[in-house]
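Student: Please take a close look at a single residue in this model. Then set that residue against the whole chain.

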Amino acid sequence: MSIYQTSSSGDNLKLVNSKTNNNDKIDLKTVTIEVNPNVEFQKYYGFGASFTESSAWNLATIPVKLRKEVLTNLFSPTKGVGFSLTRTHINSSDYANNHYTYVDENDLDLSTFSIYEDLKGFTGDENEQVKNIYLEEPDYDLVPMILEASKIEGANFKIIASPWSPPSWMKSNETNTMTNGSLLPKYYALWAEYLSKYVNAYKEKGIEIWGITPQNEPLHYHDARWDSNGFTPEQGRDFLKNHLGPQFVKDGHLNTSNLNNGVRILIYDHNKSVMNNYANTIYNDPDANKYAWGTGFHWYANSELKAHNYYAKELDKLHENWPNKGMIHTESSIDIDVKDPIGQYWRESTDYAGKFIPFETYAYDIITDLNHGTQGYIEWCMILSNEGKPNPYDNFNSAPVLINPKTDEVIYTPLYYLLGHFSKFIRPNAVRIEAKGNPIDNLIYTAAKNSDGSLALVIYNNNDEGFKISLNIEGTIYTSAIKPKAMQTIHFK
């Protein structure tokens with residue numbers, strides 16, 4: 001039994017001794033948890049964060065040796081946290097240096113289609129935030145980043161790709177370049193072909209796209225400040241059944257007789273608080289349903305999660321109504337506190353969405369998601385600068401890894417370690433198993449069994465006092481202790 005702990009007192013995925021983890025002189029209350037490895041639930045696909053152009057730019061500013069160290073810490077399951085499920089953007093996103101697409105304007109036969117924008121490198125003239133920053137490797141970019149990550153020893157990750165917006169010339173009612181408005185129906189077929197070409201182009205570079213969402217945040221298109229596109233539930237349904245699904249079948253990306261064999265189409269890709277109406281509209285149509293592997297969802301707005309029990313009821317509805325469809329958390333993020341990028345995770349932080357304690361919110365959100373059927377969890381940008389840049393929209397997020405592009409200092413935030421409690425110990429193809437006990441206020445946990453037979457129990461103690469832990473696994477009792485305001489993974493080989 002190995003115990004790894006991250007706590008507000010400074011532990012960062014620290015291997016701790018169960019007997020000395022708390023002061024033995026203090027009489028701690030005991031939490032009893034029974035873990036049943038033979039009672040199985042959903043399969044896991046992985047945990048991780050997203051490849052973005054902004055992340056690639058930050059890596060381009062540091063020496064090659066340090067860059068490889070960062071990627072090793074992200075993707076190696078032995079030397080790092082082994083991120084296993086990731087996401088990236090099709091065309092530009094809110095974390096690209098500027099707006100871009102893969103075709104020339106009004107190219108109706110897509111003859112100019114090229115993913116050159118994702119591999120051409122950086123000049124330093126993309127926007128004001130990247131000017132006068134020395135680039136160690138100007139040729140670095142999104143595609144090189146993904147390829148380098150895939151070559152890290154032991155790396156094993158899947159990629160879900162999502163578009164933020166089609167090219168402006170395919171849309172109506174925009175308020176800015178690729179911002180707000182919606183795809184014109186006359187271009188639905190062309191846009192489906194465009195997305196299929198993207199999958200092929202990435203494959204030609206040696207990158208397999210595991211899944212795709214037809215549209216990032218389809219309901220956020222009236223007041224967005226960055227690349228966005230509106231898709232109502234009905235539009236999403238019609239686009240999938242009449243265009244995207246048939247196009248992917250035609251091009252060999254998808255087989256309707258086995259949706260696990262090929263590129264998985266995840267519908268929705270927006271806030272879980274209101275996801276069931278969107279999902280039901282598509283899944284209730286058999287001609288659309290047959291193309292949809294599952295549902296992707298986000299956590300926003302963060303400050304409302306706690307009051308609504310992290311939308312466990314919405315997760316349950318989705319799982320109960322559509323038990324054969326996948327469920328993946330595809331995005332979460334918080335605003336950065338530039339003056340306190342580590343401490344902000346452990347105290348109440350002010351975000352665009354309100355006030356909440358980030359570490360607590362992430363811990364509860366992930367564990368609640370998992371305990372209610374979710375099969376993977378992806379954070380937004382995996383790497384940003386120490387100021388949450390570059391981002392031309394003054395929308396500065398934190399990330400698992402922060403890099404100072406001027407000094408090359410690398411900061412691993414508490415989010416890096418928090419995600420690592422899952423990604424490092426709950427590997428792809430693991431299954432959730434039963435973990436039960438008497439409810440304790442402000443303490444939450446989940447358990448998993450890996451394909452090699454190892455077990456992982458992740459516990460978060462949000463109390464101001466520590467607890468003794470008594471684990472019953474098939475009649476064998478194991479004892480340990482957990483600090484206040486701490487997360488642990490108890491790993492059994």
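Tutor: Start with the contacts of Glu 314. Neighbours within four places in sequence are left aside; beyond them, Glu 314 is in contact with Lys 272, Ser 273, Met 275 and Asn 276. Contact means heavy atoms within 4.5 Å. Glu 314 sits in helix H8, residues 312-321. Helices are DSSP runs (H or I) of at least four residues, strands are E runs of at least two, and both are numbered from the N terminus. Glu 314 counts as buried because its relative accessibility is 16%. Buried is under 20% relative accessible area, exposed over 50%, partly exposed in between, with a 1.4 Å probe and protein chains only.

A note on the basis. This is a predicted model, where local features need pLDDT of at least 70 and side-chain atom pairs count only at pLDDT 80 or more, while totals for chains, interfaces and linings use all residues. Residues are numbered from 1 along each chain as its sequence is written, and side-chain values use heavy atoms, without hydrogens and water.

Now the whole protein. It has 10 helices and 24 strands. Of its 493 residues, 62% count as buried. Take the contacts between residues at least 6 apart in sequence: 73% of them join residues at least 24 apart. The C-alpha atoms fill a box of roughly 75 × 55 × 40 Å along the principal axes. The protein exposes about 18900 Å², and carbon and sulfur atoms supply 45% of that area. Areas come from the Shrake-Rupley method with a 1.4 Å probe.
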